[in-house]
Every structure is written in C-alpha cells, then in structure tokens.
Amino acid sequence: MPPNIQDILAQAQAMQEKLASAQEELEDTEVTGSAGGGLVTATVSGAGELTALTIDPKVVDPDDVDTLADLVVAAVRDANRNAQKLAEEKMGGLAGGLGGALGLPGF
C-alpha cells in the first residue's frame, strides 16, 4: 500500500524545519584553523565565512612575505575544512535521510 500523502508531506515539513534549524546553528558557530604551529589562526563561521585572522608577530618578516601568505592560506583552508566537517556532522544525516524519510531513494 502506498504511503499516505499527508504523512509524506508532514515528514517533508518536519525534515525541512530540521534542516533550516541546522543551517542556522551552523551560521552561528565559529570554527578555527591554524598553520605554522599556531602562528597564524583563522576563524570562520560554520558556513565557511572568514570572520577573524590572527597573526603572531614572530612570523611577520618583511623580507619573507611569501611565507606569511602561505601560512594565511593554510590557516584559512584548515578552518574551512573544519567548518565543512562540522556541516557534514550537523547536516549529513538530515540531508541523506530526506529521501528515505519520504519513502524515496536517498541522495
């Protein structure tokens, strides 16, 4: 017997509300990443937006700007990887379960 359309719609509404809540929580969460043993630290929102960057004065060398640039890029990448992991933890089960919750193949 096919699933009741009202039940399917109610499940879809509940899943949509959970996804929206998880997205909002991610936007309000900050995640850090670092490079150079903590000499450069980047902070991003759970959505991946760069919100802060801290550079230890020890790493600032006017004769070696390339190293500083590399450390900044590495710290931002690390923070974004951490934000992506957080997003997968918060949203992975919800998005993957959407199809199954509706009696459809998952994505």
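Helices (H or I, at least four residues) and strands (E, at least two) are DSSP runs, and they are numbered from the N terminus.

**Entry 1, what I have.** This is a predicted model, in which local features need pLDDT of at least 70 and side-chain atom pairs count only at pLDDT 80 or more, while totals for chains, interfaces and linings use all residues. Residues are numbered from 1 along each chain as its sequence is written, and side-chain values use heavy atoms, with hydrogens and water left out.

I looked up pLDDT, which is the predictor's confidence in each residue, from 0 to 100. The protein chain has a mean pLDDT of 84, and 84% of its residues reach 70 or more. Over residues 98-107 pLDDT stays under 50, and for these residues the model has 15 contacts (heavy atoms within 4.5 Å) beyond four places in sequence. I note that where pLDDT is low, the predicted coordinates should not be read in detail.

**Entry 3, the outline.** I find two helices and three strands in the protein chain, and along the sequence they follow the pattern α-β-β-β-α. Among contacts between residues at least 6 apart in sequence, 48% join residues at least 24 apart.

The three strands form an open sheet in the order β1-β2-β3, with antiparallel pairing. Its edge strands are β1 (30-35) and β3 (50-55), each of which pairs on one side only. I counted six bridges joining β1 to β2 and five joining β2 (residues 40-45) to β3. In the hairpin of β1 and β2, which has four residues between the strands, G36 takes a positive phi near 65°.

I use buried for under 20% relative accessible area, exposed for over 50% and partly exposed for what lies in between (1.4 Å probe, protein chains only). Buried residues make up 25% of the 107 residues in the protein chain. Strand β1 has a covered face with V31, G33 and A35, and an uncovered one with E30, T32 and S34; in a regular strand the side chains alternate between the two faces of the sheet.

Is T43 buried or exposed? T43, which lies in strand β2, is buried, because its relative accessible area is 13%. Not counting residues up to four places away in sequence, T43 touches E30, V31, T32, E49, L50, T51 and A52.

I then searched for salt bridges, meaning a side-chain nitrogen of Lys or Arg within 4 Å of a carboxyl oxygen of Asp or Glu, and the count came to one. The side chains of R81 and D78 meet in this salt bridge at 3.8 Å, N to O. R81 and D78 are three residues apart in helix α2 (residues 65-101), so about one helical turn separates them. R81 is partly exposed, because its relative accessible area is 45%.

In helix α1 (residues 5-28) I looked up E25, which counts as partly exposed because its relative accessibility is 38%. E25 and K90 are 65 residues apart in sequence, and their C-alpha atoms are 8.8 Å apart in space.

Technical notes: Pairing = 2+ DSSP bridges.
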